[in-house]
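The sequence and structure come first.

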Amino acid sequence: MKIAVEGCSHGALDAIYQYLRDLEARHNYIVDLLLMCGDFQAIRNHRDMQCMAVPQKYRQLGDFHKYYTGERTAPVLTIVIGGNHEASNYMSELYHGGWLAPNIYFLGHAGCVQVNGIRIAGASGIFKSNDFSLGLYERLPYDHGSMRSIYHIREFNVRRLSLVREFYCLPPDIFLSHDWPQFIERHGDTQGLLRRKPFFRQDVQTGNLGSPPLMGLLRTLKPKWWFSAHLHVRFEATVQHEQSDTGSNSPSTTSPPQNPDEIAIADDDFDAAEPQSSPIEVPRPKTASHNPDEITLEEEEEEVIQSPPVAYRPRSSVTNFLALDKCLPKREFMEVIDMPTTSDEFAMPGQRCMPKLTFDPEWLAISRAFHPFFSTRRRQADYPDEATARAKVAEEMEWVKSNVHNNETNSSDAPLPGIRSILDCQTFVQSAPGPGSEGAQKNQQPPWYTNPQTAAFCDMLDIQNMIDFSSDNRA
């Protein structure tokens, strides 16, 4: 199964899908799945633009509305996460994940799904220490602060994602984030990165490049692939994990491998080793002297050479990290990898593999286990200790296996207990009007729309829909 991965989209869906078609024609293969690493910009109309944290001159409709209204259809199943330049109101409607448009699925603020058995997990947004421990308190209309804080990743989601290997005792195959994990540059060609992006030097020297909680997740989950975007540059790194720890949930205690290209850090006040954390006790980083919270959207001038068309699956004791650029000419914004699946045996040569998008039962169990701790106020409730959290997920896993199933049960290849097709639960619906139908108040933020896909997800898990902000349903 061939999977394409794209960096920052910035609303350029037409160009991205055309580039994908060109890749297929040039290399004579067919891509079965497209993953996008944030700044997707799912803007449905002009009022959605007022909920996007970018300078006014960069607020443009982009291409998404054509896919939202049905004028165009995504040619390949597309899975996306959110970044820091989004119509955050729409992505908040689908907090638990859902179809942004036909054939375009949003993983949610955090989530994990399966495509033909391949586990794909992801975290939306970027890290900001001031907002990390807060609940999801933001409400429309957003002010200057809440329009930005809403895309800052929360501890609640990091804790949930840290448990995505309990039941299977296997890591996700792929993890998507917009932000980079902190210190990831030390596992690759640091000098080459700084030659291309010299203004990263201070953050690299002070340990402020990237997200501390994401590095904790990388060390805990040990996914085979980790893809990011955000910093508008292609960068590769390889993180080695202890072989004996591959099936364990405790994070590796090894220090970063020696890198001949690593820059010397002269400031003795900063520890050159990566901070370690348990899966539940997420890191509490010190405040960064500079965090690239708002990446400039100015066009950069350097040109790059196109990367090889296909990379291959790494060993499970290694996480291959790849950051990708934004969609512009002569930029390295897309990569294609091969991931073997059992469905490959039934794929006809020259035909696209039929991807089966299903809920991940372990993520459903985690969603139920942590639902009592989901806060929609600024104050976040205290979390359970690690042992209690794991026991609760195991308990909820039994509930999922007993209660989550497809409505259609006559199929000869019935899925395993707890595996349910997403389309069997969530179907795309236009919750807001398309451009031209939003009324005369185009320069004002829209009202809140309660999305039926979120209601369907909550009904499936028999949990309260806390995302119904039409009644300001806070807890």
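## Aromatic contacts

Phe 40, Phe 64, Tyr 68, Tyr 90 and Phe 428 make up one aromatic cluster. The model is a predicted one, in which local features need pLDDT of at least 70 and side-chain atom pairs pLDDT 80 or more, while totals for chains, interfaces and linings use all residues. Residues are numbered from 1 along each chain as its sequence is written, and side-chain values use heavy atoms, with hydrogens and water left out.

Over the whole structure, 20 aromatic pairs are found. Rings of Phe, Tyr and Trp (its six-membered ring) pair if their centres lie within 6.5 Å; planes under 30 degrees apart count as stacked, over 60 as edge-to-face and the rest as tilted. Two of the pairs are set out below.

| Pair | Centre to centre | Angle between planes | Class |
|---|---|---|---|
| Phe 64 and Tyr 90 | 6.3 Å | 50 degrees | tilted |
| Phe 199 and Phe 200 | 5.1 Å | 85 degrees | edge-to-face |

Phe 64 belongs to helix H3 (residues 64-68) and Tyr 90 to helix H4, so their pair ties together parts that are 26 residues apart in sequence. Helices (H or I, at least four residues) and strands (E, at least two) are DSSP runs, numbered from the N terminus. Phe 64 and Tyr 90 are both buried, where buried means under 20% relative accessible area, exposed over 50%, and partly exposed in between (1.4 Å probe, protein chains only). In the other pair, Phe 199 is exposed at a relative accessible area of 56%, whereas Phe 200 is buried at 6%.

The ring of Tyr 90 also has the charged end of Arg 44 over it, 3.9 Å from the ring centre. The charged end of Arg 378 sits over the ring of Tyr 137, 4.6 Å from its centre. A charge sits over a ring if NZ of Lys or CZ of Arg is within 6 Å of the ring centre and within 35 degrees of the ring normal.

Opposite Thr 238 stands Asn 320 in E11.

## Cavities

A cavity is a set of points on a 1 Å grid over the protein atoms alone where a 1.4 Å probe fits but cannot get out, and lining residues have an atom within 4 Å of a point. Grid points are joined across faces, edges and corners, and a volume is the space filled by probe spheres set on the points. By this rule there are 8 cavities of 30 Å³ or more.

The largest cavity holds about 210 Å³. Its lining has 24 residues, of which His 109, Ser 124, Ile 150, Tyr 151 and His 152 are the closest to the centre. Helix H4 gives the most to this lining, with 3 residues.

The second largest cavity holds about 70 Å³. Among its lining residues are His 96, Tyr 105, Cys 112, Phe 359 and Trp 363. Strand E6 (110-115) and helix H10 (361-370) each supply at least two residues of that lining.

Key. 1 Å grid on protein atoms, 1.4 Å probe; cavity = no way out; pocket = protein on both sides within 12 Å on 5 of 7 lines; lining within 4 Å. Pairing = 2+ DSSP bridges.
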